[in-house]
Amino acid sequence: LRRLKRYGLLTDEENSLDDILKLTTQRFMERRLQTKIFKQGLAKSIHHARVLIRQRHIRVGKQVVNVPSYLVRIDSEKHIDLAVNSPYGQGRPGRVARKRAAQRAAAAGGSGGDDEDV
């Protein structure tokens, strides 16, 4: 019972075995990390949330999580955020962003006659 309450599957008023037997899959699906990220607005869709998790852009507390079915505890729910080293967070820009920045720097540097491959 204590574990089900910690995961947010049961409320404090639900203390009996009958309440456990009344649990539905909907309650479990609402506690998944993938669903929580979508509901918080970190992802545009449920599919985008799954991709962000698998590509290690999401952390819960200080731990980077790459399992979409991770069940989020109630006390960990407020600690869901983008990873520190993620390009979406404060991390280094991605490959394409770095390439475009280098091209802009070269164009601004006065080398206008170069042939650039795109």
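Ile53 has a relative accessibility of 0% and therefore counts as buried, where buried denotes under 20% relative accessible area, exposed over 50% and partly exposed in between (1.4 Å probe, protein chains only). The model is predicted: local features need pLDDT of at least 70, side-chain atom pairs count only at pLDDT 80 or more, and totals for chains, interfaces and linings use all residues. Residues are numbered from 1 along each chain as its sequence is written, and side-chain values use heavy atoms, with hydrogens and water left out.

Ile53 is part of helix H5; helices (H or I, at least four residues) and strands (E, at least two) are DSSP runs, numbered from the N terminus. Not counting residues up to four places away in sequence, Ile53 touches Leu33, Gln34, Ile37, Ile58, Val65, Asn66, Val67 and Pro68, contact being defined as heavy atoms within 4.5 Å. Ile53 and Val65 are separated by 12 residues in sequence and by 6.7 Å in space, C-alpha to C-alpha.

The buried residues of H5 are Ala49, Leu52 and Ile53. Viewed down the axis of H5, these buried residues fall within an arc of 95 degrees, so they line one face of the helix; the arc is that of the directions from the helix axis to the C-beta atoms. H4 and S1 are among the elements covering the buried residues of H5. Arg56, which follows H5, has a positive phi, near 60 degrees.

The largest nonpolar core has 12 residues, namely Leu33, Ile37, Ala43, Ala49, Leu52, Ile53, Ile58, Val60, Val65, Val72, Ile80 and Leu82. Such a core is a set of buried Ala, Val, Leu, Ile, Met, Phe, Trp, Tyr and Cys residues joined through side-chain atoms within 4.5 Å. Two or more residues of this core come from each of H4, helix H5 (46-54), strand S1 (58-60) and strand S3 (80-82), and H5 gives the most, with 3 residues. A second, separate core of 5 residues includes Leu4, Tyr7, Leu9 and Leu23.

A search of the whole structure finds 5 salt bridges, a salt bridge being a side-chain nitrogen of Lys or Arg within 4 Å of a carboxyl oxygen of Asp or Glu. Glu77 pairs with Arg31, the closest N and O atoms being 3.3 Å apart. This pair links distant parts of the chain, with Glu77 in the loop between strand S2 (63-64) and S3 and Arg31 in the loop between H3 and H4, 46 residues apart. Glu77 also forms a salt bridge with Lys36, at 3.1 Å between the closest N and O atoms. Lys36 lies in helix H4, so this second pair ties together parts that are 41 residues apart in sequence. Glu77 is partly exposed at 25% relative accessibility, whereas Arg31 is buried at 9% and Lys36 is buried at 13%. A further salt bridge joins Asp81 and Arg59 (3.4 Å, N to O). Asp81 lies in strand S3 and Arg59 in strand S1, so that pair ties together parts that are 22 residues apart in sequence. Through shared partners, salt bridges join Arg31, Lys36 and Glu77 into one network.

The protein chain has 6 helices and 3 strands, arranged from the N terminus as α-α-α-α-α-β-β-β-α. Its radius of gyration, 21 Å, is well over the 13 Å that the globule rule gives for 118 residues, so the protein chain is more spread out than a compact globule; the radius is taken over C-alpha atoms, and the rule is 2.2 Å times the number of residues to the power 0.38.
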